[in-house]
Amino acid sequence: AVALEDLKFTLQEVLDTFKSCLSEHKEVFLEHYVAGWRGLVRFMNCLGSVFSFISKDAVNKIQILVNHLNGENGAHYVTIQSMVKYELDSQLVDLTKRGSFPESGCRTLLRLHRALRWLELFLERLQTSTEDSNTSVMCTEAYNESLAQHHTWIIRKAAGTAFWALPGRATFFDVMNVGSPEQVMAVLGDTLPLISEVYQVTEDLYAQNNILELP
Ligand code: 1Q0
């Protein structure tokens with residue numbers, strides 16, 4: 001039997017996964033990056049079924065990356081840096097329009113990378129929020145400043161609608177399962193800089209390789 005504890009999400013765990021993403025040379029380990037997203041998806045699933053269209057897409061993208069990792073060229077996918085180099089050198093990426101490589105690691109990870117910016121902005125807001133702050137508003141603002149710019153009108157509409165179903169701040173904190181609101185704040189304070197760093201390292205890498213707009 002599966003212990004209830006195993007099913008429970010703890011924010012701490014997920015955030016720890018992001019901590020282990022960065023090597024000392026500031027490379028990002030794909031395995032841990034993907035594990036971080038898995039945890040976030042589990043969290044999202046605790047929030048209700050209105051989010052399932054979002055989690056389906058996230059799970060799909062996570063799976064594409066895992067398949068690369070476990071595939072015969074897996075050794076090239078150990079870090080995001082090696083993945084980018086390998087796929088670009090071997091011309092495995094559609095650079096200007098969708099074509100032969102709809103599941104390239106580069107374009108797939110870029111979608112999650114953009115979502116990580118949303119997470120960063122959302123957690124920043126959560127960290128500076130007060131008891132009467134509205135999670136739907138925080139989520140919408142973070143989305144409009146980040147992911148929304150990459151989404152079609154239909155997706156923006158659907159996302160916007162789902163955000164109104166977000167639970168309030170107190171429930172949110174409960175589901176995170178790390179203790180009192182003060183403890184949640186402490187965990188956020190520890191982890192936000194790490195998420196920001198992973199985001200920035202990836203952003204710089206993609207910028208240097210001119211692949212921030214992959215179709
Ligand atoms: C809790 C609420 C979660 C809100 C998540 C915001 C993201 C909204 C995204 C809505 C669109 C999803 C539907 C599909 C979109 C795709 O078209 C798009 C582009 O891909 P493609 O292949 O068509 O070019 N896909 C994406 O942009 C990827 C979206 C991935 C979203 C992953 C969200 C994972 C969320 C985790 C919830 C974390 C809650 C954190 C709370 C604090 C705990 C640490």
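Which helices each supply at least two residues of the shell around the ligand? The legends below answer this for a predicted model, in which local features need pLDDT of at least 70 and side-chain atom pairs count only at pLDDT 80 or more, while totals for chains, interfaces and linings use all residues. Residues are numbered from 1 along each chain as its sequence is written.

**View 1. Helices around the ligand.** At least two residues of the shell come from each of α2 (11-19), α3 (30-46), α4 (52-70), α6 (105-127), α7 (135-145) and α8 (153-163). Helix α6 gives the largest share, five residues. Helices (H or I, at least four residues) and strands (E, at least two) are DSSP runs, numbered from the N terminus.

**View 2. Residues of the shell.** Around the ligand there are 22 residues, of which L40, M44, D57, A58 and A115 come nearest. A residue is near a molecule or strand if its C-beta atom, placed from the backbone, lies within 6 Å of it. The shell holds 20 nonpolar residues, two charged and no polar ones. Here Ala, Val, Leu, Ile, Met, Phe, Trp, Tyr, Cys and Pro count as nonpolar, Asp, Glu, Lys and Arg as charged, and the others, Gly among them, as polar.

View 3. The protein contains 10 helices and zero strands. Its C-alpha trace spans about 50 × 40 × 35 Å along the principal axes. Of its 215 residues, 27% count as buried, that is, 20 or more other C-beta atoms lie within 10 Å of the residue's own, with C-beta atoms placed from the backbone.

Definitions and conventions: Buried ≥ 20, exposed ≤ 12 C-beta atoms within 10 Å, placed from the backbone.
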